[in-house]
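Please look over the structure shown below.

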Amino acid sequence: MKRIQKLLAAAAVLLLLAGCAAPRAAGEITALSPDGETVALHTFSQSAFLDGPVERIGLYARGKREKSRPKPVEFRWDGADGEATVRISEQADMADAQVFTAEGGSLDVYNLKIGTTYYWTVSAGGETSRVYTFSTEDEAPRNLYIDGVTNARDLGGRQTADGRRVRQGMLYRCGRLNVSDVDYVEIEITPAGAETMLETLGVRTEIDVRMGENHENGTLTASPLGDTVQYIHCPMAWDGEMLADNREQIARVFSVLAKEENYPVFLHCNIGTDRTGMLSFFVNALLGVPQEALYRDYLFSNFGDIGGKRPLENLTESDYYAAIQASPGETLAEKTYNCLVANGVAAEDLDALRRILLEPAA
């Protein structure tokens, strides 16, 4: 009898607590996360490398497995049965929002910008949640998940030595989109990857620096992304003297990057490490990104499936690095500018690139 009385008393307490709790209104959709927090975009091993000495890259990545993709942001909500629509925007009024559909009360989203405040809502059954907000961690690189492509990231997002920032969403680097070293075109980027490049990243121009005469570019004559993307082939030789052997092609690449109508642009070679690494180093050094950050960006390619480790010596012992260091100038940016001009790049192209890719000073 006493046991029954205790059970009844416990049940009464639970009913009382339930009555005191504020019930969710019928049809109300509530976000569970993210709500007000700062979210990480890098995996554990990526963050460990970025936060530690550059010499320890081999502890986290050796270029033999696909580990270059970012960590997704997980969106979770309650109160929506069946299919829901999630909208994510950089604007508080939800203008120009990315739109996703999902079921089950959760959604993983990749490729958000670093150091950015976002706003989001979820809708279902004619009801829409209030606007929620969160921020992304401000740690470069903004590495990307493009299905069928390895070693992809945004050259933007980094702070410059003078306190400015390189614009995100303008210039990307990655590995190839089609099979190399064959005499036929075989596309490797998947339809989902192509949708990411076209819809999420808004790509307009592809710069392919693989060789053509030996079919390194797989006899490609147009972008695998379709006829809305212009394909610019700038074949670069690679035998260890990348600057000396490719002055004309480097000048051509910078002439493309000097025209705002070509953006967003992505550039690549075979695995997006050596020739792509040279061009990426030139661009961000020119823009004023500190040398330590450039080292870290070069080594980040080891998180991609690139056929083996790329040590920092491949950069620091290259002819283009030596040419920059030997050029006149007080800063790395000045040295890079003078080096490129001395090797045939038009000064007006470099000035235009800086105007396009640098955010205004605060």
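## Overall make-up

The protein chain has 362 residues, and 51% of them count as buried. This is a predicted model. The chain holds 10 helices and 15 strands. Its C-alpha trace spans about 95 × 45 × 40 Å along the principal axes.

Take the contacts between residues at least 6 apart in sequence: 71% of them join residues at least 24 apart.

An open sheet is built from 3 strands, in the order 1-3-6. The pairing is antiparallel. Strands of a sheet pair through backbone hydrogen bonds, and the sense can be parallel or antiparallel. The edges are strand 1 (30-33) and strand 6 (106-109), each of which pairs on one side only. From one strand to the next, the twist averages 25°.

Strand 1 pairs with strand 3 (residues 73-78) over 3 bridges, in the antiparallel sense. Within this part of the sheet, Ala31 stands opposite Trp77 of strand 3.

Ser33 belongs to strand 1. Is Ser33 buried or exposed? Its relative accessibility is 13%, so Ser33 counts as buried, the cut-off being under 20%. Leaving aside residues up to four places away in sequence, Ser33 touches Glu74, Phe75, Arg76 and Trp120.

The peptide bond from Ser33 to Pro34 is cis, with omega near -5°. Pro34 sits in the loop between strand 1 and strand 2 (38-39).

Pro141 is placed in the loop between strand 9 (132-136) and strand 10 (142-143).

Most residues other than glycine have a negative phi, and most peptide bonds are trans. Which way does phi of Asp96 point, positive or negative? Phi of Asp96 is near 55°, a positive value in a residue that is not glycine. Asp96 lies in the loop between strand 4 (84-89) and strand 5 (98-102). With a relative accessible area of 77%, Asp96 is exposed.

Thr219 is another non-glycine residue with a positive phi, about 60°. Thr219 is found in the loop between strand 13 (205-208) and strand 14 (230-233). Its relative accessible area is 27%, so Thr219 is partly exposed.

## Helix 2 against helix 6

Helix 2 (residues 44-51) packs with helix 6 (residues 291-300). The angle is about 150°, and the axes are 11 Å apart. Angles over 145 degrees count as roughly antiparallel, so helix 2 and helix 6 are roughly antiparallel to each other. Their crossing is right-handed.

Which residues make the contact? Helix 2 supplies Gln46, Phe49 and Leu50. Helix 6 supplies Arg296, Leu299 and Phe300. By class, the contact has 4 nonpolar, 1 polar and 1 charged residues.

Definitions and conventions: Residues numbered from 1 in each chain as written. Predicted model: local features only at pLDDT ≥ 70, side-chain atom pairs only at ≥ 80, totals over all residues. Heavy atoms only, no water. Axes fitted to C-alpha atoms, helices over the stretch in contact; angles between N-to-C directions. Helix = DSSP H or I, 4+ residues; strand = E, 2+ residues; numbered from the N terminus. Parallel < 35°, antiparallel > 145°, perpendicular 65-115°, else oblique. Left-handed = near helix turned anticlockwise from the far one by under 90°. Contact = heavy atoms within 4.5 Å. Nonpolar A, V, L, I, M, F, W, Y, C, P; charged D, E, K, R; others polar. Pairing = 2+ DSSP bridges. Buried < 20%, exposed > 50% of the residue type's maximum accessible area, 1.4 Å probe, protein only.
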